[in-house]
Amino acid sequence: MEFNINNAISELRGTHSLDDSSLKNLITSEDTSPLHEAADIERKRVYGDAVYIRGLIEFTNHCKNNCFYCGIRAGNASLSRYRLTHEEIMDCCREGYALGFRTFVLQGGEDGYYTDKALCDIVYDIKSLYSDCAVTLSVGERSRESYKKLFDAGADRYLLRHETADPKHYAKLHPNSMSLENRKRCLWDLKEIGYQVGSGFMVGSPYQTLDNLISDLRFLQELLPDMIGIGPFLPHSDTPFGDFEKGSLKMCLNLISILRLMFPYALIPATTALGTIHPSGREMGLKAGANVVMPNLSPVKFRTLYELYDNKICTGDESAQCRSCLEMRVSSAGYKLVTDIGNVRRDELEK
Ligand code: SAH
């Protein structure tokens with residue numbers, strides 16, 4: 001049957017699914033205003049014009065892994081490494097709380113320095129001081145026991161992108177020491193323990209095919225995560241993928257809209273990578289269906305050292321500047337930044 005974009009959109013909106021071939025047509029579509037409009041209607045139905053802010057604290061750039069795309073990979077010898085102390089992390093939260101943040105996202109490389117005990121103490125202290133806030137962790141693959149301890153210490157949410165749901169593609173992006181199987185095990189463990197879970201993937205990573213992207217969407221349909229983060233792949237010059245092309249902005253925006261229609265309840269960020277690939281990328285992401293922004297709360301002196309890819313934006317601004325800049329961007333796109341804790345609206349899944 002010939003592809004008709006309006007039929008495909010209404011089927012996706014009505015059933016939250018679609019056959020592979022129509023999905024591929026939507027992902028690569030050039031005529032995307034009906035897709036973005038439908039996604040915008042859906043986000044407004046579930047979340048109104050609210051955009052949630054999460055304060056991102058990039059607390060360590062040490063990493064034991066060697067992901068071929070990532071600027072803070074262990075093999076990048078030209079990077080100077082830093083860690084925030086317990087106190088420095090608490091300072092970021094204090095500043096963030098005063099600025100209206102009610103979610104703190106602690107993100108970092110896989111850094112053994114932060115034992116379960118050290119991380120649990122940090123989580124516990126943040127939750128004790130700011131009981132009206134959510135703590136999100138994004139510190140990679142750990143054991144189920146470790147995830148359970150961190151959950152019991154008070155962590156509410158966990159971000160762990162699956163990166164690609166095709167095992168062969170996964171093996172092209174990561175060294176042999178890493179596996180999709182373990183990444184998925186982590187995601188299921190996190191979910192069973194009771195975290196609100198975020199997953200996602202890069203758009204346009206090296207060797208990625210359209211079939212890989214379909215696998216990504218199918219995996220998300222199994223996992224049903226609360227948060228879904230996607231962004232374009234951007235090369236970093238000190239990695240094995242330094243000479244690869246960056247991902248496509250258009251495809252990324254199409255995928256945000258598809259995700260909104262498939263998972264109406266989901267929290268979907270307009271990511272920093274989107275803001276890096278285009279000066280108005282995050283605004284475009286919001287208009288395509290995203291409803292979360294994650295300004296940086298890390299101390300400015302460390303920001304350039306958490307460069308996952310070249311030319312990452314917002315490395316020079318103080319936290320307060322980042323917040324007001326984003327507030328302006330969100331309202332220029334026609335939405336409203338809210339200081340709510342911003343939990344997922346799961347009940348919408350049933351509708
Ligand atoms: N160590 C943590 C945090 C990783 S950084 C973890 O494993 O989850 C957060 C995300 O940045 C990654 O999941 C990846 O999808 C993205 N990222 C890393 N390098 C990138 C690049 N070169 N271009 C675009 N996104 C990248």
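Let's start with helix H5 (residues 116–129) and helix H6 (residues 144–152), whose axes come within 9 Å and cross at roughly 25°. The model you are looking at is predicted: local features need pLDDT of at least 70, side-chain atom pairs count only at pLDDT 80 or more, and totals for chains, interfaces and linings use all residues. Residues are numbered from 1 along each chain as its sequence is written, and side-chain values use heavy atoms, with hydrogens and water left out.

Helices (H or I, at least four residues) are DSSP runs numbered from the N terminus. Their axes are lines fitted to C-alpha atoms over the stretch in contact, and angles run from 0 to 180 degrees between N-to-C directions.

Back to the pair: H5 and H6 are therefore roughly parallel to each other; angles under 35 degrees count as roughly parallel, over 145 as roughly antiparallel, 65 to 115 as roughly perpendicular and the rest as oblique. The crossing of H5 and H6 is right-handed, that is, the near helix is turned clockwise from the far one by less than a right angle. On the H5 side, Asp 116, Leu 119, Cys 120 and Val 123 make the contact, facing Ser 146, Lys 149 and Leu 150 of H6 (contact means heavy atoms within 4.5 Å). By class, the contact of H5 with H6 divides into four nonpolar, one polar and two charged residues.

Next, turn to helix H10 (residues 249–262) and helix H9 (residues 210–223), whose axes come within 12 Å and cross at roughly 25°. That makes H9 roughly parallel to H10, and the crossing is right-handed. From H9, Leu 213, Leu 217, Arg 218, Leu 220 and Gln 221 meet Met 251, Leu 255, Ile 258, Leu 259 and Met 262 in H10. The contact of H9 with H10 has eight nonpolar residues, one polar and one charged.

H10 also meets helix H1 (residues 5–15): their axes come within 7 Å and cross at roughly 40°. That makes H1 oblique to H10. Here Ile 9, Leu 12 and Arg 13 of H1 contact Ile 258, Leu 261 and Met 262 of H10.

Finally, look at the ligand. It is surrounded by 17 residues, the closest being Tyr 69, Gly 108, Arg 161, Glu 163 and Leu 234 (a residue counts if one of its heavy atoms lies within 4 Å). A backbone N or O atom of Gly 108 lies 3.0 Å from a nitrogen atom of the ligand, and one of Leu 234 lies 2.7 Å from a ligand nitrogen atom. For Glu 163, a polar side-chain atom lies 2.6 Å from an oxygen atom of the ligand.

Terms used: Helices (H or I, at least four residues) and strands (E, at least two) are DSSP runs, numbered from the N terminus. Ala, Val, Leu, Ile, Met, Phe, Trp, Tyr, Cys and Pro count as nonpolar, Asp, Glu, Lys and Arg as charged, and the others, Gly among them, as polar. A polar contact is a pair of N or O atoms within 3.5 Å; within protein, one must be able to donate a hydrogen and the other to accept it, and residues adjacent in sequence count only if both atoms are side-chain atoms.
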